[in-house]
Amino acid sequence: MAALLREVIGDVLRRARTEQGRTLREVSDSARVSLGYLSEVERGRKEASSELLSAICGALDVPLSRVLSDAGDELAREERAAAVPETVSAVNIDASTKVVIPPVVSLAVA
């Protein structure tokens, strides 16, 4: 199943916050957003408005354009991965399948 934009944006925001070593409470206080709502946004359960995203990005000191760009890059990677057909591996081969290997024919060269 394809990831939703709100889930990918939430992942990007959470990654930015944790890379800074900050807690949900610190960022929610700085962004003037409830801790519970910020948590829901990070988990991809709530669709954040542009105003809310701007406030969170401001609190994280991360440009909104970078969050959206990172989210777009992540979505593109997921779409490419979904478009590549699965390769056949030994795990997917049924042992009862019979394979006929034709005999090798040698050609005489004059």
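I read along the sequence and noted the pattern α-α-α-α-α. The model is a predicted one. I counted the secondary structure as five helices and zero strands.

**Entry: α1 against α4**

I started with α1 (5-19) and α4 (50-60). Their axes come within 10 Å and cross at roughly 20 degrees. Angles under 35 degrees count as roughly parallel, so I logged α1 and α4 as roughly parallel to each other. I noted the hand as well: α1 passes α4 in a left-handed crossing.

Next I listed the residues in this contact. From α1 I have Ile9, Leu13, Ala16 and Arg17. From α4 I have Leu53, Ile56, Cys57 and Leu60. I sorted the contact of α1 with α4 by class and got seven nonpolar residues, no polar ones and one charged.

**Entry: α2 against α3**

I moved to α2, residues 24-31, and α3, residues 35-42. Their axes come within 9 Å, and the crossing angle is roughly 110 degrees. The range of 65 to 115 degrees counts as roughly perpendicular, so that is how I recorded α2 and α3. On the α2 side, the contact is made by Leu24, Arg25, Val27 and Ser28. On the α3 side, I found Leu35, Leu38, Ser39 and Glu42. By class, the residues of this contact divide into four nonpolar, two polar and two charged.

**Entry: the sides of α2**

Which residues of α2 are buried? I found Val27, Ser28 and Ala31. They cover an arc of only 100 degrees around the axis, which puts them on the same side of α2. I recalled the helix geometry here: an α-helix has 3.6 residues a turn, so residues three or four places apart point the same way. I then checked the other side of α2, where Arg25 and Asp29 are exposed. What do the buried residues of α2 pack against? I logged α1, α3 and α4.

**Entry: the sides of α3**

I repeated the check on α3. Leu38, Ser39, Val41 and Glu42 are buried there. Their arc around the axis is only 160 degrees, which puts them on the same side of α3. The buried residues of α3 pack against α1, α2 and α4. Ser28 of α2 and Ser39 of α3 both belong to the contact between these helices. I had Ser28 down as buried in α2, and Ser39 as buried in α3.

**Entry: positive phi**

I looked up the backbone after the helices. α2 is followed by Arg32. This residue has a positive phi of about 60 degrees although it is not a glycine. I placed Arg32 in the loop between α2 and α3. Is Arg32 buried or exposed? Its relative accessible area is 78%, and I marked it exposed.

After α3 comes Gly44, with a positive phi near 75 degrees.

Asp61 went on the list too. Its phi is near 55 degrees, a positive value in a residue other than glycine. Asp61 lies in the loop between α4 and α5. I logged it as exposed, at 71% relative accessibility.

**Entry: Arg14 in α1**

I went back to helix α1 for Arg14. At 27% relative accessibility, Arg14 counts as partly exposed. What does Arg14 touch, leaving out residues up to four places away in sequence? I found Glu42 and Arg43. Glu42 was already in my notes as a buried residue of α3. I also took the C-alpha separation of Arg14 and Ser39: 8.9 Å, for residues 25 apart along the chain.

**Entry: Glu74 in α5**

My last stop was helix α5, residues 64-83, which holds Glu74. Is Glu74 buried or exposed? I found it buried, with a relative accessible area of 13%. Buried means under 20%, so the label follows from that cut-off. I then listed what Glu74 touches, not counting residues up to four places away in sequence: Val8, Asp11, Val12 and Arg15.

How values were computed: Residues are numbered from 1 along each chain as its sequence is written. This is a predicted model: local features need pLDDT of at least 70, side-chain atom pairs count only at pLDDT 80 or more; totals for chains, interfaces and linings use all residues. Side-chain values use heavy atoms; hydrogens and water are left out. Axes are lines fitted to C-alpha atoms, for helices over the stretch in contact, and angles run from 0 to 180 degrees between N-to-C directions. Helices (H or I, at least four residues) and strands (E, at least two) are DSSP runs, numbered from the N terminus. Angles under 35 degrees count as roughly parallel, over 145 as roughly antiparallel, 65 to 115 as roughly perpendicular and the rest as oblique. Contact means heavy atoms within 4.5 Å. Ala, Val, Leu, Ile, Met, Phe, Trp, Tyr, Cys and Pro count as nonpolar, Asp, Glu, Lys and Arg as charged, and the others, Gly among them, as polar. Buried means under 20% relative accessible area, exposed over 50%, partly exposed in between (1.4 Å probe, protein chains only). The arc is that of the directions from the helix axis to the C-beta atoms. A crossing is left-handed if the near helix is turned anticlockwise from the far one by less than a right angle, and right-handed if clockwise.
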